[in-house]
Structure formats: C-alpha cells, structure tokens
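Let's take a friendly walk through a protein chain and see which side chains meet inside it. Keep the picture open while you read.

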Amino acid sequence: MKDKEVIDYELEKNMEVISQLDGMVGETVDTVLVDPDECWQPTDFLPDMTKPDALDEIKKLQERAAEIPDTIITSLIGNMITEEALPSYQTYFNLLEGINPEGSLLSERGWVRWSKAWTAEENRHGDLLNKYLYLSGRADMKKVEQTIHRLIYNGFDPKSEKDPYQAIIYTSFQERATKVSHVNTGKLAEKAGDTVLARICKTIAGDEARHEKAYKSFMSRIFEIDPNGAMLAFEKMMRKQIVMPAVLMGKGGNNPTLFDQFSAITQKIGVYTGWDYARIIEHLVKLWKIEAVTGLEGAAAKAQDYLSGLSDRYMRLADRMKTPDEISLAWLK
C-alpha cells in the first residue's frame with residue numbers, strides 16, 4: 001500500500017473501534033460527569049455581588065492576592081488563558097474521524113454527548129479564574145483578554161492527524177498535565193496565604209482528575225480491542241511530543257515568544273516542569289501496561305520498545321535542563 005492508503009486504512013479501522021466504544025462513553029457521561037444543576041459554579045468561590053458586604057469581600061480578596069508573588073500570578077494567568085480557549089478544543093474533538101459523523105452537536109451519540117458535557121465542565125475553569133483575576137486587581141485584563149482572543153483566533157493543533165486514538169492519548173496526557181499544574185499552583189497560593197485561591201485550584205484540579213480518568217479508561221479499552229493500533233498511535237503521539245494547548249497564544253501578535261515566557265515561569269517556580277512531563281509518560285506506560293502487551297506485530301513491537309524506555313530518557317533530559325536565570329513577566333499591572 002502507498003502511505004496514504006495505509007493512513008486511510010488505519011483511520012477506518014480506528015473509527016470502527018471508536019464506534020464500539022460509543023456505549024461506554026455515553027455511560028461515562030452519566031456516571032463520571034456531573035449534572036449542571038449539581039455541579040459547582042464559579043460564584044461558589046467569589047464574592048456575592050448581591051450582598052451588602054460585597055465590596056468588603058472584594059477588598060479581602062485583593063488583600064490576599066496582593067501577597068502572591070508576580071511569578072505565581074503570571075503562571076495562574078497562563079493557566080486561565082489555556083482554559084479559556086475551549087471553543088477550539090470542542091471544535092477539534094468533533095472533527096476527529098468517527099467521533100461525530102453526523103456533524104451535529106444535537107446527536108445522541110455517546111462521543112458527541114461526551115464532547116459537549118466535558119467542555120461544559122471545563123468551561124467553568126476559565127470563568128472562575130478569569131473573574132478571580134479581574135477582582136484581584138493583579139492583572140492587566142486588557143492584555144489578558146487580547147491573549148485569549150488571539151489564542152482562539154489562531155486555533156489549536158495537537159498534531160493528532162484527525163486520528164481519534166492519538167487524540168485520546170493526547171487528552172489523557174493533557175488532562176493529567178493540567179491537573180498537575182493546578183495542584184502545584186494551589187500549593188504555592190496557599191503558601192503565599194491565599195487559602196481561597198488554593199481551594200479554587202484544588203477544585204479545578206479535581207475536575208481535571210475525573211476527566212483524565214475517563215480518557216485513560218477509553219484508551220485502556222482501545223488497547224484491549226486493538227493493541228497494535230493503540231501502540232502505534234501512542235508511539236506517534238510521543239515522537240511528535242505533546243504540544244501544550246496554549247502554544248499559539250503569541251503567534252501573530254506583538255510578543256510571539258509569549259508562550260515560551262509562560263513555560264519558563266512554570267518551569268522556574270515548579271508549576272509544570274520537565275520532570276512532570278517525564279512522570280506523566282511513566283504513569284501512562286505503567287497504566288496501559290505497555291511492557292506487558294503481547295502478540296504485537298513488527299512496527300508495533302518496535303513502538304513498544306521505544307515507549308518502554310521513554311520516561312527514563314525524558315527524566316535524564318529533565319535532569320540536564322537548566323532552570324531559567326531570567327524570566328519575563330507578562331499580563332501584570
């Protein structure tokens with residue numbers, strides 16, 4: 001077969017497997033995700049503007065936020081901007097082969113219901129962090145809003161080639177990475193004395209943990225049904241490396257290195273580091289029992305060997321990675 005024929009064949013096979021998972025995914029919507037009437041909402045964590053003491057509560061929020069170092073605020077803003085690009089993420093998910101063949105967001109297919117319910121839960125994260133930062137007075141919200149605008153304007157490409165297998169591997173990785181980032185930000189906020197922000201970050205991380213668990217369970221089932229295809233997809237995604245969702249936040253703007261600056265800060269203060277990247281690979285390799293999979297054919301067997309030693313390789317790279325001496329702070333007043 002020619003390369004294109006091979007790709008088309010693989011995608012067709014993957015779509016068949018994805019179709020088999022539709023019932024499982026629909027059940028996950030009902031059991032793992034939370035009904036909107038029962039879910040927490042951003043207002044649960046913020047001053048109630050209908051109360052007489054609202055301005056006093058805002059003042060308390062600002063006093064707590066004033067004690068947080070600029071680096072942590074900048075990292076928090078970057079996390080928030082990443083969350084706010086949800087239109088791109090839902091669009092991307094529905095464009096994957098086999099996920100929404102009807103092209104309708106009103107479809108009752110399990111995968112379409114998942115894409116809506118998942119992004120609906122995620123939508124609260126950006127809303128909450130955005131409102132917190134606005135009320136804190138610590139951020140230049142015009143610059144923040146311009147960055148969100150540009151990130152959505154630029155779009156999103158995780159390099160998964162419309163392949164649902166690769167996309168589910170990407171989201172399994174990314175949900176865990178986001179959880180780590182929010183957890184570590186919360187710890188730093190608590191250390192700085194803002195227990196409310198710490199609770200906010202912990203709550204958001206809890207959502208990410210549920211979503212991560214769901215995506216990993218989808219991929220576990222794919223490994224059971226199609227171990228060769230799953231192994232090859234995992235290898236492809238990891239050879240390209242996981243591209244963070246906000247990577248295009250500065251493209252085309254007056255600060256094209258904005259994402260690199262954000263990444264340098266998260267590395268320096270320990271919010272998300274090269275070691276975290278390596279540990280996520282290690283976790284997924286163990287979870288999906290990569291080294292124990294049997295009956296693999298040629299290329300898939302080679303992919304297994306590559307993946308088995310990948311976390312050690314990245315851990316060595318992380319050990320040699322230097323913490324940035326100088327960092328540039330963006331989005332601050």
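## Cysteines, charges and rings

C201 is buried, with a relative accessible area of 0%. Keep in mind that this is a predicted model. How many disulfides does a search of the whole structure find? The search finds zero. C39 is in no disulfide, and the nearest cysteine sulfur, that of C201, is 17 Å away. A disulfide needs two cysteine sulfur atoms within 2.5 Å. C39 is buried as well, with a relative accessible area of 12%.

**Charged pairs**

Side chains of opposite charge can pair when their charged atoms come close. In this structure there are 19 salt bridges.

| Salt bridge | N to O distance |
|---|---|
| R109 and D22 | 3.8 Å |
| D207 and R124 | 2.2 Å |
| K216 and E212 | 2.7 Å |

Start with R109 and D22, which form a salt bridge. R109 sits in the loop between α5 (86–94) and α6 (110–136), while D22 belongs to helix α2 (residues 22–31), so the pair ties together parts that are 87 residues apart in sequence. Are these two residues buried or exposed? Both R109 and D22 are buried.

Next, find D207 and R124, which are joined by a salt bridge. This pair also links distant parts of the chain: D207 is in helix α9 (residues 195–225) and R124 in helix α6, 83 residues apart. D207 has a relative accessible area of 3% and is buried. R124 counts as buried too, at 5% relative accessibility.

**Charges over rings**

R124 has another contact to look for: this residue lies over the face of W40, at 4.0 Å from the ring centre. A second example is R239, which lies over the face of Y306, at 3.8 Å from the ring centre.

**Rings that meet**

Now turn to the aromatic side chains. The count comes to 18 aromatic pairs. Among them are W114 and F218, whose ring centres are 5.3 Å apart and whose planes stand at 85 degrees, so the pair is edge-to-face. W114 is in helix α6 and F218 in helix α9, 104 residues apart, and the pair links these distant parts of the chain. Both W114 and F218 are buried.

How do the rings of W118 and Y215 pair? Their centres are 5.3 Å apart and their planes lie at 80 degrees, so this pair is edge-to-face. W118 lies in helix α6 and Y215 in helix α9, so the pair ties together parts that are 97 residues apart in sequence. W118 counts as buried at 6% relative accessibility, and Y215 is buried with a relative accessible area of 0%.

F93, W111, W114, W118, Y215 and F218 form one aromatic cluster.

Last, look at the backbone. Most residues other than glycine have a negative phi, and most peptide bonds are trans. Which way does phi go at K159, positive or negative? K159 has a positive phi of about 65 degrees, although this residue is not a glycine. K159 lies in the loop between α7 (141–154) and α8 (164–191), and is partly exposed, with a relative accessible area of 41%.

Q241 also has a positive phi, of about 70 degrees, without being a glycine. Look for Q241 in the loop between α10 (227–240) and α11 (258–269). Q241 is partly exposed, with a relative accessible area of 40%.

Key
Residues are numbered from 1 along each chain as its sequence is written. Side-chain values use heavy atoms; hydrogens and water are left out. A salt bridge is a side-chain nitrogen of Lys or Arg within 4 Å of a carboxyl oxygen of Asp or Glu. Helices (H or I, at least four residues) and strands (E, at least two) are DSSP runs, numbered from the N terminus. Buried means under 20% relative accessible area, exposed over 50%, partly exposed in between (1.4 Å probe, protein chains only). Rings of Phe, Tyr and Trp (its six-membered ring) pair if their centres lie within 6.5 Å; planes under 30 degrees apart count as stacked, over 60 as edge-to-face and the rest as tilted. A charge sits over a ring if NZ of Lys or CZ of Arg is within 6 Å of the ring centre and within 35 degrees of the ring normal.
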